[in-house]
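Here is a short briefing to read alongside the model. Please keep the sequence and the structure in view as you go.

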Amino acid sequence: MPRARQHAARDWRPRWCTDPTCTRSWDHDRLGNACGESVTHLVTDAEGGTLRACNGHALDVGKRLDGAAITVLSSDAGGA
């Protein structure tokens, strides 16, 4: 078996959502990968910095970042 596959098989364990109120889990490392969800929100911090985020990440930022403004993007502005 190739070394990478041996390492992956040895280290397999379920991964859980980092939100303590969420019970979702995955059989792969979601934190080590880019988010694959569609962009639905624009997040603006208190200093004017912005980022585009999916619904889940926008909700998380809203809980964690004081002064964040979260704007829902129109459906035609999605991942642009």
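In which strand is H41 placed? H41 sits in strand 3, which covers residues 41-44 (strands are DSSP runs of E of at least two residues, numbered from the N terminus). This is a predicted model, where local features need pLDDT of at least 70, side-chain atom pairs count only at pLDDT 80 or more, and totals for chains, interfaces and linings use all residues. Residues are numbered from 1 along each chain as its sequence is written, and side-chain values use heavy atoms, leaving out hydrogens and water.

**Confidence**
- The protein chain has an average pLDDT of 78, and 72% of the residues score at least 70 (pLDDT is the predictor's confidence in each residue, from 0 to 100).
- Residues 1-8 have a pLDDT below 50, and beyond near neighbours in sequence this stretch has one contact in the model (contact means heavy atoms within 4.5 Å).
- Where pLDDT is low, the predicted coordinates should not be read in detail.

**Around H41**
- H41 is buried, at 10% relative accessibility (buried means under 20% relative accessible area, exposed over 50%, partly exposed in between, with a 1.4 Å probe and protein chains only).
- Leaving aside neighbours within four places in sequence, H41 contacts several residues, including L51, C54, I70 and L73.

**Cysteines**
- The whole structure holds zero disulfides (a disulfide is a pair of cysteine sulfur atoms within 2.5 Å).
- For C35, the nearest cysteine sulfur is that of C54, 3.8 Å away, which is too far for a bond.
- C35 is partly exposed at 38% relative accessible area, whereas C54 is buried at 9%.

Definitions and conventions
Helices (H or I, at least four residues) and strands (E, at least two) are DSSP runs, numbered from the N terminus.
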